[in-house]
Amino acid sequence: MGGAIWITGLTGCLTSDIDSGKPEPPAHTIALIAPVHAGEQGDAMRLGAEAAAKEFGIQLQYASFKPNEDASEQLAAALRMVEEGSSAILIDPANEHVLEQLAAVASAKGVPVVALNDERLIKGVQSAITVDHVEAGRQAGEALAKLIDDKGTVAIMRSDRTDPDLDLREAGIRESFARHPSIRIAESASCGNLRDACWNAAKGMLDASPIDGAIALESGASLGLADEAKRRGEAGNLKIVAFGSQVEQLSLLQDGVIHQLVVQNDFSFGYIGLEQAVALLTGKETPGHPTMLGTKVVNADNMFWMNNQKLLFPFVQ
């Protein structure tokens, strides 16, 4: 069986003829395939895509996934959307295989594909929106270096899956630490999406070597690391920098368990992605190169600043 698909028909997407009372059907239907293991990230993308769909008179279909579903379910859902007649596909792909397979099938049917949170403009992918993952890694590295006063032992909690974007994040982190000769990188750990597995990975990492701070490349790793810091009575003392803006991460940021978060505007991924899909469908120009969005480092002191509100809390209108 493929992934569970929740189809959202937007209530504000259809224009109506007031005189006749007959709705005018939207010209196009665009599918948004959520990232796997994403939680609130997928919801924020959906909100952005919904806002753009309402503006452009597009019907949006949304495919989301359960926590135990992965790349195979994502690919199956995306291919099903193509087969069912979607005019264009927006996808934050789980891996390169998903993107390649989808692009090949969609291209054969003349269905544009827009990659979200991904810069690979491979054959069949007409547009891409991403962030500079190396720069995001540098931001995380510099944030942790400052937290530990430019000296000490640090670790990196990786993902147990292959993801070029996460590799770029880590490259940026290591590039940053190379500028700080008094910082040593200890043996790191890796884990998947399951929080308990990430907690066990963090426990093993901290048992192996005392560290002053750590960077978690994914939200799940940051939650497991936070759990272990609290279990050891080191919450606050162990400096934690992470990527993401999930509700629980923000709560841990407020409580001082996580110290810094590198965040991106997932709402904008959805909005700009749908905007570019509409451009492709109507013969308008798209950039021809990946659209780069920025990342920001937030902490407990600035998370409620006005300019960070929509970034962190896109669900609050």
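The questions and answers below concern a predicted model of a protein chain.

Q: What makes up the secondary structure of the protein chain?
A: The secondary structure of the protein chain comes to ten helices and 15 strands. Of its 317 residues, 53% are buried, and its accessible surface comes to about 14300 Å², with 50% of that area belonging to carbon and sulfur atoms. Among contacts between residues at least 6 apart in sequence, 71% join residues at least 24 apart.

Q: Why is Arg 120 called buried?
A: The relative accessibility of Arg 120 is 16%, and buried means under 20%, so Arg 120 counts as buried. Arg 120 is found in the loop between strand E6 (113-116) and strand E7 (125-131), where, not counting residues up to four places away in sequence, it touches Pro 93, Asn 95, Glu 96, Leu 99, Val 125 and Pro 164.

Q: What makes the pairing of the side chains of Arg 120 and Asp 118 a polar contact?
A: A polar contact requires a pair of N or O atoms within 3.5 Å, and the side chains of Arg 120 and Asp 118 make such a contact at 2.4 Å.

Q: Why is Ser 188 counted as buried, and what does it touch?
A: Ser 188 has a relative accessibility of 16%, which is set against a cut-off of under 20%, and therefore Ser 188 counts as buried. Ser 188 is found in the loop between strand E9 (183-185) and strand E10, and, with residues up to four places away in sequence not counted, it touches Ala 155, Ile 156, Arg 158 and Met 205. A polar atom of the Ser 188 side chain lies 3.1 Å from the backbone nitrogen of Ile 156.

Q: Why is Lys 109 called partly exposed?
A: Partly exposed covers the range between the buried cut-off of under 20% and the exposed cut-off of over 50%, and the relative accessible area of Lys 109 is 48%, so Lys 109 is partly exposed. Lys 109 is found in the loop between helix H3 (96-108) and strand E6, and, leaving aside its neighbours within four places in sequence, it is in contact with Val 82 and Glu 83. Lys 109 and Ser 87 are 22 residues apart in sequence, with their C-alpha atoms 9.8 Å apart in space.

Q: What makes Gly 288 exposed?
A: The relative accessible area of Gly 288 is 64%, and exposed means over 50%, so Gly 288 is exposed. Gly 288 is found in the loop between helix H9 (266-281) and strand E14 (291-293). From C-alpha to C-alpha, Gly 288 and Leu 121 are 8.8 Å apart in space, although 167 residues apart in sequence.

Q: How do you know that the span of helix H6 agrees with its number of residues?
A: At 1.5 Å a residue, the 14 residues of helix H6 (residues 195-208) should span 20 Å, and the end C-alpha atoms are 20 Å apart, so the two values agree.

Q: Why are the buried residues of H6 placed on the same side of the helix?
A: The buried residues of H6 are Cys 198, Ala 201, Ala 202, Met 205 and Leu 206. They cover an arc of only 125° around the axis, which puts them on the same side of H6. An α-helix has 3.6 residues a turn, so residues three or four places apart point the same way. The buried residues of H6 pack against strand E8 (152-159), strand E10 (189-191), strand E11 (213-216) and helix H7 (219-231), whereas the face of H6 turned away from its buried side carries the exposed residues Asp 196 and Ala 208.

Q: What is found at the start of H9, and what follows H9?
A: At the start of H9, a side-chain oxygen of Asn 265 reaches to within 3.3 Å of the backbone nitrogen of Phe 267. H9 is followed by Gly 283, whose phi is positive, near 75°. The 16 residues of H9 reach 23 Å from first C-alpha to last, close to the 22 Å expected at 1.5 Å a residue.

Q: Which residues touch the most other members of the largest nonpolar core?
A: Of the 46 residues in this core, Ile 33, Ile 89, Ile 91 and Leu 274 touch the most other members. Helix H2 (residues 71-83) gives the most to this core, with six residues. A second, separate core of 30 residues includes Cys 198, Ala 216, Val 257 and Met 303.

Technical notes:
Residues numbered from 1 in each chain as written. Predicted model: local features only at pLDDT ≥ 70, side-chain atom pairs only at ≥ 80, totals over all residues. Heavy atoms only, no water. Helix = DSSP H or I, 4+ residues; strand = E, 2+ residues; numbered from the N terminus. Buried < 20%, exposed > 50% of the residue type's maximum accessible area, 1.4 Å probe, protein only. Contact = heavy atoms within 4.5 Å. Areas by Shrake-Rupley, 256 points an atom, 1.4 Å probe, with all protein chains shown as cover. Polar contact = N/O pair within 3.5 Å; in protein donor to acceptor, adjacent residues only side chain to side chain. Expected span 1.5 Å × (residues − 1). Arc of directions from axis to C-beta. Core = buried A, V, L, I, M, F, W, Y, C linked by side-chain atoms within 4.5 Å.
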